[in-house]
Amino acid sequence: MSEERKSWFRNMTTKEKVEYIWDYYKVHIIVSILVIYLLASFTNSIINRKDYVLNVALIGKYMDFDRQSEFSKKVTKELIGDSSGKKQASIDFYRLVKGRNGNLTLDPASTQKLMARMGAQDIDVIVLDKNNFDILAREGAFLRLDKVKELNLSGLNVAKVEKPSGELKPGVYGIYVGWNNKYLKNLGYDYNDKIIAIMANSQHKDLAIKFVKWLLDLK
C-alpha cells in the first residue's frame, strides 16, 4: 500500500475502515473462517471420537429409552473399564410391530438399519425372538456356542439348529434369556422368550462372550 493510500486509510473513521476491509477482503475472510471452522470441527471429532468395542442389538416390542444410556454406561464400566472413556459399549434397540398377518415383524426403519449394521459387521451380540433367530441361524449368522470353551451350557435352555444347511452344522447357536433377568428387566425391555446369540462375524468375539456370561450370570 502506497504512502498516499496509507494516509488516506488512516484518516478514515472506524466504520469506513471496516467497510473498506470487508469490500476488498470479504472472500479471503470468509474462506479463512471456513478453514478455521473445519479444522476445529475435525480436531474436535478426533479428540472426542468414541470407539465402540461392543455392539449389542436388542429386538423387541418396547424398551425404556431413558434407561438405555445408563445400561450402556453400566456395560462399559463392568466389561470394558476404559478410564479414558473412549472405548465404550453400544446398546441399540430395533422395534417389532404387528404385520398384516398379525405376526410380529421388524418395522421398516429397524429392518434397514439392522441389515446395514449386520452387513458392516457392526453387531457383536443380538437378543431376538425365536422366529428371527431361526431365519438368521439358517443363514449362518451366529457363532456356534457349544464350541466356545468359555461357555458352560449345562443346565441352560439353549436354541439349537438341528438340521445342517450348506456349511452350517447342527449345534447350539443361542441361549434363552429366561424369565427373571435383572439387567434387561431394569431396562424395561420385553426380554421374555428372547434368545441371545453372538454374531459369527463379530469383530469383538472375546468381549461378546464376556457380555453373554455377564448378562446371564454364568460362571
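**Close-up views of a predicted model**

**View A. A57 stands opposite I126 in strand 4.** Strand 1 (residues 51–60) and strand 4 (residues 125–128) run parallel here and pair over 3 bridges; two strands pair if DSSP finds at least two bridges between them. Helices (H or I, at least four residues) and strands (E, at least two) are DSSP runs, numbered from the N terminus. This is a predicted model, in which local features need pLDDT of at least 70, side-chain atom pairs count only at pLDDT 80 or more, and totals for chains, interfaces and linings use all residues. Residues are numbered from 1 along each chain as its sequence is written, and side-chain values use heavy atoms, with hydrogens and water left out.

**View B. Here is the open sheet of 7 strands, in the order 3-2-1-4-7-6-5.** Its pairing is mixed. Strand 3 (104–106) and strand 5 (158–161) are the edge strands, each pairing on one side only. From one strand to the next, the twist averages 30° (angles run from 0 to 180 degrees between N-to-C directions, and axes are lines fitted to C-alpha atoms, for helices over the stretch in contact).

**View C. Helix 4 (residues 108–119) lies across strand 1, strand 2 (87–98), strand 3 and strand 4.** Helix 4 runs at about 140° to strand 2. Helix 5 (residues 130–138) also packs on the sheet, where its direction makes about 135° with that of strand 4.

**View D. Helix 3 (residues 65–80) packs with helix 7 (residues 205–216) at about 110°, their axes 11 Å apart.** That makes the two helices roughly perpendicular (65 to 115 degrees; under 35 is roughly parallel, over 145 roughly antiparallel, the rest oblique). Contact (heavy atoms within 4.5 Å) involves residues including F71 and V75 of helix 3 and F211 and W214 of helix 7.
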